[in-house]
Amino acid sequence: MPTTHTTCPYCGVGCGIIAQTEEDKITITGDKTHPANFGRLCSKGISLANTLSLDDRLLYPEINGQQSTWESALDKVASEFQRIIAQHGPKAIAFYVSGQLLTEGYYVANKLMKGFIGSANIDTNSRLCMSSSLTGYKRAFGSDTVPGNYEDLEQAELIVLTGSNLAWCHPILFQRISAAKEKRPDLKIVAIDPRYTPTCEIADTHLSIKPGSDGYLFNGLLDFLRRHDHLDYEFLEETQGFGSALEAARETCGSITSVAQHCGLEEEQILNLFNLFAATDKVVTLYSQGINQSTSGTDKVNSIINCHLATGRIGKPGMGPFSVTGQPNAMGGREVGALANQLAAHMDFEPEHRALVQEFWQSPYIPTEPGLKAIDLFAAAAKGEIKAIWIMATNPVVSLPNADSIKQALAQCELVVVSDVVRQTDTTAYAHVLLPALAWGEKEGTVTNSERRISRQRAFLYAPGEAKPDWWILSRVAQRLGYKKEFPYKSAIDVFREHAALSGYKNNGSRDFDISGLLPLTDEEYQTLTPIQWPICQTKQQTTHCGGLRGTARMFADKHFYTRSGKAQFVSIIPRTPAHLPDVKYPLILNTGRIRDQWHTMTRTGKSARLLRHINEPFAEIHPDDAEALNIKDNSLVQITSRLGKWLGRAKFTETQQIGSLFVPMHWNAQNSSCARIAALVMPTTDPLSGQPEFKHTPVRISPYRPAWQGFILSKQPLPLPTEQLDYWVKIRSENNIWRYELAGETKPDNWAEWINKQFGAELDWLEYQDRATGRYRCANIVEERLNICIFIGTDEQLPSRNGLITLFTREKLTPIERLSLLTGQAGTSDQDNIICACYNIGDEAVKKAIQEKGLKTTAQIGEALQAGTNCGSCIPELKSLLGSRK
Ligand SMILES: Nc1nc2c(c(=O)[nH]1)N[C@H]1C(S)=C(S)[C@@H](COP(=O)(O)OP(=O)(O)OC[C@H]3O[C@@H](n4cnc5c(=O)[nH]c(N)nc54)[C@H](O)[C@@H]3O)O[C@H]1N2
Ligand SMILES: Nc1nc2c(c(=O)[nH]1)N[C@H]1C(S)=C(S)[C@@H](COP(=O)(O)OP(=O)(O)OC[C@H]3O[C@@H](n4cnc5c(=O)[nH]c(N)nc54)[C@H](O)[C@@H]3O)O[C@H]1N2
Ligand code: SF4
Ligand SMILES: [Mo]
């Protein structure tokens with residue numbers, strides 16, 4: 001069977017994958033030789049084969065909705081760019097790119113914009129994701145360098161997880177930590193998150209911190225370390241700014257009482273954490289969006305780094321500050337410099353760097369100053385200052401804050417070009433020119449994971465339709481703009497070699513990012529490149545900052561930093577509260593983020609019925625006390641309103657949510673739901689240094705939503721939904737190729753049978769059941785004795801179990817009893833309503849029953865009894881929670 005080693009296209013863990021293809025069958029397994037995952041894969045990685053169908057793909061270029069040739073589409077983009085540059089200058093053109101491009105595409109995009117269009121108006125969705133971490137690293141180390149690696153997590157004695165739901169967002173790292181803790185139970189784990197998440201299942205302690213207050217906590221820790229004499233004086237010699245950072249910490253958080261007040265925690269909880277941190281040498285502080293996505297994200301990052309610098313806990317095994325990256329190639333984007341405030345190859349806009357890059361590129365232009373960061377870039381488009389925008393591998397109409405304003409900004413542009421793999425997204429709807437990109441499994445190139453490890457993505461599928469690699473599309477536009485010689489690439493490796501060459505150009509150890517050791521790679525060697533961590537210098541021997549050709553596991557072991565003085569910098573932090581605080585009108589705090597089995601705007605994971613088993617409708621987590629005060633019932637429809645917009649979905653009661661806060665996932669979009677793009681509610685307020693928006697803290701209010709009717713449809717075929725007559729709808733791909741639609745409306749049709757005939761065709765025969773007294777209407781269409789469509793309408797959310805009914809669709813022939821039970825609603829009882837283990841389709845009721853009846857005590861025993869948790873292991877934290885092991 002043809003076998004290809006490649007890398008997962010989802011999160012920044014960067015797991016190695018083996019894809020085997022045999023005729024139409026694709027088998028995905030974990031690559032045991034890959035140092036990120038050693039063979040393991042999470043639920044998303046394992047389900048990749050389910051997402052590769054071509055039914056929704058963008059396969060041909062389009063101009064104004066009409067299929068076109070590549071020639072015309074590229075000509076159109078190039079000639080419009082030329083016209084706009086001539087009329088308005090290069091700053092009227094912008095690129096908005098993504099951490100899901102491969103490094104090669106990313107490199108070409110940045111080179112084209114900065115060196116040849118001559119503007120720095122290229123920014124990436126990493127602005128929403130990693131920019132506070134990046135800015136924090138640069139302030140402390142003078143470079144955007146992740147000091148440590150994944151092994152540090154296994155070697156640590158204490159791991160502080162803050163603002164990270166690792167169990168769901170970096171599941172394989174979570175599994176590595178869990179395995180380490182099982183081997184070595186004295187490995188201590190502290191999870192800091194306003195919510196109790198599945199990640200907290202492995203934590204010894206969970207600190208339910210007040211949203212937005214981490215800066216106070218780490219400032220308090222810095223002061224505590226000094227007061228209790230835990231400083232590393234020898235290491236402090238290699239740093240600058242300690243005195244003033246300490247003073248700021250002391251002034252703002254000089255007592256445990258004040259830290260406790262700011263963070264909404266008990267003094268004892270804080271003392272325990274501080275004592276543990278102080279007493280443990282090998283500490284990793286791992287953080288993600290709960291830290292970054294904040295108007296003081298950069299300061300929070302530095303407040304964490306300050307504590308590691310003060311104790312010299314950096315650059316050595318088992319310790320360090322560790323920002324885990326979100327996207328598969330967030331790091332690659334930083335390496336090529338595709339953020340508006342970077343130039344290229346970890347260089348900035350200072351004169352020497354500009355001269356160096358211009359010389360290397362032989363480019364006519366090089367911008368003298370940074371371009372517009374994502375939020376400002378779209379604001380400039382809305383004002384008409386940006387006339388043309390090219391969006392690649394990101395879906396900003398769903399993922400940018402104040403998302404409705406992005407629609408207006410795009411509608412305002414003279415030219416919107418979108419390169420994507422999917423035909424219909426909320427963003428492609430605004431494109432004048434659509435360019436079909438090759439998807440995962442079809443494209444070739446490299447990505448860099450959270451620990452600086454470069455891995456290959458390799459193709460194992462034919463290029464479908466006329467889709468092309470992103471680097472190719474960009475180079476062809478560049479050539480049409482007159483830069484044939486400068487963009488001559490014939491394959492991904494040509495681009496990679498140039499990128500490697502630039503990283504080493506006049507570097508001599510002055511810049512952290514150096515992969516010039518990979519420059520001599522032959523085509524064959526690039527093809528077989530095994531995962532390797534940068535820097536990778538040309539010198540064979542190890543130098544003080546680089547492990548030579550073998551790559552570099554850990555940085556800063558030599559205590560040399562990339563600041564002018566060579567010393568690490570403390571930053572004085574005055575912690576700030578979030579920009580918008582709750583008030584009488586918007587009394588609750590909206591926190592947004594991710595769920596286990598969906599990826600971002602669902603263009604890929606939304607295709608997998610398996611991944612929709614776990615959670616399939618937009619929901620808002622709410623504490624039952626808040627819900628009770630507002631008259632909200634569990635699982636009922638609710639409306640959330642902010643200053644900017646409204647959202648509709650289901651209330652999900654959970655005591656793991658803080659009182660006063662709501663949590664809503666970021667994933668749903670206008671293709672699969674009526675009103676669940678949560679980013680439309682988020683204020684576009686950003687960190688002044690990094691430009692990263694505050695996705696975790698928007699004041700909102702929530703209220704019951706009581707439509708006149710609610711219902712659902714299950715159908716073998718996708719149905720044309722009369723969306724304009726529905727006030728709430730969600731479209732869900734379900735098991736057995738069934739399409740499920742959840743519906744609600746504010747006005748009830750006079751006659752359901754008529755309404756249904758009108759919407760779905762009068763030619764269908766329906767079995768009907770109606771109970772006017774209760775407002776129930778049910779009907780089923782049976783074709784050749786098999787269930788084809790069923791529709792259930794009621795007055796509230798009390799409707800039969802969908803999963804129970806879905807199994808009826810598999811019957812060759814419905815028995816008379818089944819027909820009857822179908823319409824009486826009895827077929828819809830199932831213990832499979834809340835699927836926990838998506839791999840084996842096992843629901844929470846089944847697990848609870850087995851725990852009770854068989855007296856199961858461990859997740860391993862649940863695995864033996866039910867198989868749950870024995871495949872990808874992504875559900876183990878939830879199984880633990882059902883076992884009642886919550887601390
Ligand atoms: N399943 C899945 N995995 C993913 C992704 C996905 O879409 N789906 N996306 C990937 C990407 S691009 C990214 S960036 C990462 C994100 O990975 P994470 O950052 O782990 O995920 P989030 O859910 O955004 O937020 C993490 C946690 O921060 C908490 N939080 C909110 N406010 C605060 C606060 O003030 N302080 C603290 N300490 N915590 C707070 C939230 O409650 C949440 O549990 O995930 C990556 N992995
Ligand atoms: N409310 C809220 N919003 C958030 C966040 C949050 O926590 N809360 N988190 C933010 C973060 S951290 C992130 S990273 C963003 C992510 O948000 P987005 O980047 O907008 O999300 P994706 O769905 O990953 O979009 C990727 C797009 O690229 C397409 N694509 C996939 N592969 C390729 C390819 O090879 N080439 C091309 N050209 N296209 C491809 C996909 O079909 C999809 O349309 O969301 C941000 N938005
Ligand atoms: S943890 Fe899961 S999503 Fe992340 S890279 Fe590994 S398999 Fe892919
Ligand atoms: Mo992200």
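Tutor: A residue is near a molecule if one of its heavy atoms lies within 4 Å of it. The model here is predicted, and the cut-off can be applied to its ligands.

Student: Which residues are around ligand 3?

Tutor: The shell around ligand 3 consists of C8, Y10, C11, G14, C15, L41, C42, K44, G45, P171 and I172. Two elements, α1 (43-46) and α7 (171-183), each give two or more residues to that shell. By class, eight of the shell residues are nonpolar, two are polar and one is charged.

Student: How many residues are around ligand 1, and which come nearest?

Tutor: There are 34 residues around ligand 1, and D193, G212, D214, S288 and Q598 come nearest. To read such a site further, look for pairs of N or O atoms within 3.5 Å. A polar side-chain atom of T162 is 3.0 Å from a nitrogen atom of ligand 1. The side chain of R195 has an N or O atom 2.8 Å from an oxygen atom of ligand 1, and a polar backbone atom of H600 lies 3.0 Å from an oxygen atom of this ligand. On its own, ligand 1 exposes 910 Å², and the protein buries 99% of that.

Student: What surrounds ligand 2?

Tutor: Ligand 2 is surrounded by 28 residues, the closest being Q100, S399, D420, K443 and T601. A backbone N or O atom of A393 is 3.3 Å from an oxygen atom of ligand 2. T394 places a polar side-chain atom 2.9 Å from an oxygen atom of ligand 2, while a polar side-chain atom of R594 is 3.1 Å from a nitrogen atom of the ligand. Of the 920 Å² of accessible area that ligand 2 has on its own, the protein covers 99%.

Student: Now single residues. Is T446 buried or exposed, and why?

Tutor: The general idea is to compare relative accessible area with two cut-offs: under 20% is buried, over 50% is exposed. T446 has a relative accessibility of 1%, so T446 counts as buried. The residue is found in strand β17 (residues 445-448).

Student: What does T446 touch?

Tutor: Neighbours within four places in sequence are set aside; the remaining contacts of T446 are L102, T103, E104, N329, I454, S455, R456, Q457, F496 and Y526. With one of these, E104, there is a polar contact between side chains, at 2.9 Å.

Student: Is K854 buried or exposed?

Tutor: K854 is exposed, because its relative accessible area is 53%. K854 sits in helix α27 (residues 844-854). Beyond its neighbours within four places in sequence, K854 is in contact with K849 and A865. For a distance across the model, take K854 and T285: they are 569 residues apart along the chain, and their C-alpha atoms are separated by 39 Å.

Student: Where is S363, and is the residue buried or exposed?

Tutor: S363 lies in the loop between α16 (351-361) and α17 (374-382). Its relative accessibility is 8%, so S363 counts as buried. Apart from neighbours within four places in sequence, S363 is in contact with G115, F116 and Q358.

Student: Which residues of α17 are buried, and what do they pack against?

Tutor: For a helix, list the buried residues, then find the elements in contact with them. In α17 the buried residues are A374, I375, L377, F378, A380 and A381. They pack against β6 (93-97), β7 (122-124), β14 (388-392), α18 (396-399) and α19 (403-412). After α17 comes G384, which has a positive phi, near 85 degrees.

Student: How is the protein as a whole to be read?

Tutor: Start with secondary structure, then overall dimensions. The protein has 29 helices and 34 strands. Its radius of gyration is 27 Å, close to the 29 Å that the globule rule gives for 887 residues, so the protein is as compact as a globular protein of that length. The C-alpha trace spans about 80 × 65 × 55 Å along its principal axes.

Student: What share of the residues is buried, and what share of the contacts is between residues 24 or more positions apart?

Tutor: Of the 887 residues, 65% are buried. Among contacts with a separation of 6 or more, 71% are between residues 24 or more positions apart. The accessible surface of the protein is about 31,900 Å², and carbon and sulfur atoms account for 49% of that area.

Notes:
Residues are numbered from 1 along each chain as its sequence is written. Chains are lettered from A and ligands numbered from 1 in the order in which they are written. This is a predicted model: local features need pLDDT of at least 70, side-chain atom pairs count only at pLDDT 80 or more; totals for chains, interfaces and linings use all residues. Side-chain values use heavy atoms; hydrogens and water are left out. Helices (H or I, at least four residues) and strands (E, at least two) are DSSP runs, numbered from the N terminus. Buried means under 20% relative accessible area, exposed over 50%, partly exposed in between (1.4 Å probe, protein chains only). A polar contact is a pair of N or O atoms within 3.5 Å; within protein, one must be able to donate a hydrogen and the other to accept it, and residues adjacent in sequence count only if both atoms are side-chain atoms. Contact means heavy atoms within 4.5 Å. Ala, Val, Leu, Ile, Met, Phe, Trp, Tyr, Cys and Pro count as nonpolar, Asp, Glu, Lys and Arg as charged, and the others, Gly among them, as polar. The radius of gyration is taken over C-alpha atoms; the globule rule is 2.2 Å times the number of residues to the power 0.38. Accessible areas come from the Shrake-Rupley method with a 1.4 Å probe; for residues, only the protein chains shown count as cover.
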